[in-house]
Amino acid sequence: GARGALGGEVGCVVLVSNLPADGRVKPDHLFNLFGCYGNVLRVKVLFKKQSTALIQFQTPTGAQLARRFLNRTELHGTQLDVRASKHQSVALPKEEDSDAAAFNKDFASSKLHRFKQGLTNNLKNIYGPTRVLHVSNVSLDTKESQLIELFRPYGVVGFEWLKKMTEKRMAFVALASETKAIEAVMYLHCTNIDGRDIRISFSKKEAESIALLTSEPNQPQQAPTSANNTQEQTETPQTTPQISIKQQQQQQQQQQGQEIKDSEDQQL
C-alpha cells in the first residue's frame, strides 16, 4: 500500500517521459532540474519504466513553468516530454520497502529548495535552459579554479564573478552548449564546496558577454570584462571580440596569455 500522499492542489504534478532508460537519472537529479521552476515536493521514477517519472510541485505555477520551459528540451540525446499529470499528488511506497526507495523521494522538508516560502512569484528571474548558468551561495573561500574544475566535464568556456560582495559570492559560468548546461544543473546543483551548497540556475546573460577562460584559468578572482557587471545584458559592454571561442582561446594561449593575465591583475 502507499503512504498517504501530500495533499497537492490540482495541477501540481507533471508526467515526465523519455528519460534515459538506464536509470542514470535519479530523483535527486530531477529535483535539481525541475526545482528551477518551483519547489519540488516529491519525485517518483517508475520502477518498471525508468524512462518515466512523476514530479509533484508545491504550487500549480511550478508545474506550469516546468511544462513551459522543459518540454521538448534535450537530455542525454533524447527529447523530454513534460506534460500535466492526471494525479493530484504523488504517493510514496512504504518506508520499509528499500528496493523502491531509490526510485521515490520526498523533498518536502529539504533545505535545498530554490524558492523561499515555496512561491515562484519572482518570475523575472526564471528562465528556460540556456548555456549560461548563475551560480550562487558560493563561499568567500572558494576560488575560481575550483568552480572551473567542477564544471569542466560539461565544457566550461567562460567564467565571471559578480562584483556584489556579501558573506557569499555569485558567478556566471558559460558552457559549450545548452544541453550540457542542463546536465550541469541536474548533477551539480547543491554540490558542497567549502561548507556551502552552491545553487545553480539558468541565466539570461549573453554568453558572449562573459569573460572567456584564458590560458591561465587558475588565477583566483579573475576580473570580469564587463565594466558594470549586472544581470542586465543590455547594459553590459561587449568587450569580447566577435570571433569564435576556439579562435579566441588560441590567440590568448599563443599571443596574449601573459598580457591578459597582467591586465586582469591590475583590474582586481
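Two strands are said to pair if DSSP finds at least two bridges between them, and helices (H or I, at least four residues) and strands (E, at least two) are DSSP runs, numbered from the N terminus. In this predicted model, Leu15 stands opposite Leu54 in β3, and the protein has six helices and 13 strands. Residues are numbered from 1 along each chain as its sequence is written. Because the model is predicted, local features need pLDDT of at least 70 and side-chain atom pairs count only at pLDDT 80 or more, while totals for chains, interfaces and linings use all residues, and side-chain values use heavy atoms, with hydrogens and water left out.

**The protein as a whole**

- Of the 268 residues in the protein, 48% are buried, where buried means under 20% relative accessible area, exposed over 50%, and partly exposed in between (1.4 Å probe, protein chains only).
- Among contacts (heavy atoms within 4.5 Å) between residues at least 6 apart in sequence, 75% join residues at least 24 apart.

**Arg67 in helix α2**

- Arg67 lies in helix α2 and is partly exposed, with a relative accessible area of 28%.
- Leaving aside its neighbours within four places in sequence, Arg67 is in contact with Gly11, Val14, Val82, Arg83 and Ala84.
- Although Arg67 and Phe34 are 33 residues apart in sequence, they are 9.5 Å apart in space, C-alpha to C-alpha.

**Strands β8 and β13**

- Strand β8 (residues 132-139) pairs with β13 in the antiparallel sense over four bridges, and the bridge partner of Ser136 in β13 is Arg199.
- In a regular strand the side chains alternate between the two faces of the sheet.
- Strand β13 (residues 199-202) has a covered face, made up of Ile200 and Phe202, and an uncovered one, made up of Arg199 and Ser201.

**Aromatic pairs**

- The structure holds four aromatic pairs, counted when rings of Phe, Tyr and Trp (its six-membered ring) have centres within 6.5 Å, with planes under 30 degrees apart called stacked, over 60 edge-to-face and the rest tilted.
- The rings of Phe47 and Phe103 have their centres 5.1 Å apart and their planes at 90 degrees, so this pair is edge-to-face.
- Phe47 lies in the loop between β2 (40-45) and β3 (53-57), and Phe103 in the loop between α3 (98-101) and β7 (104-106), so the pair ties together parts that are 56 residues apart in sequence.
- Phe47 is exposed, with a relative accessible area of 53%, whereas Phe103 is buried, with a relative accessible area of 16%.
- Phe159 and Trp161 form an edge-to-face pair, 5.1 Å centre to centre with 90 degrees between the planes, and both residues are buried.
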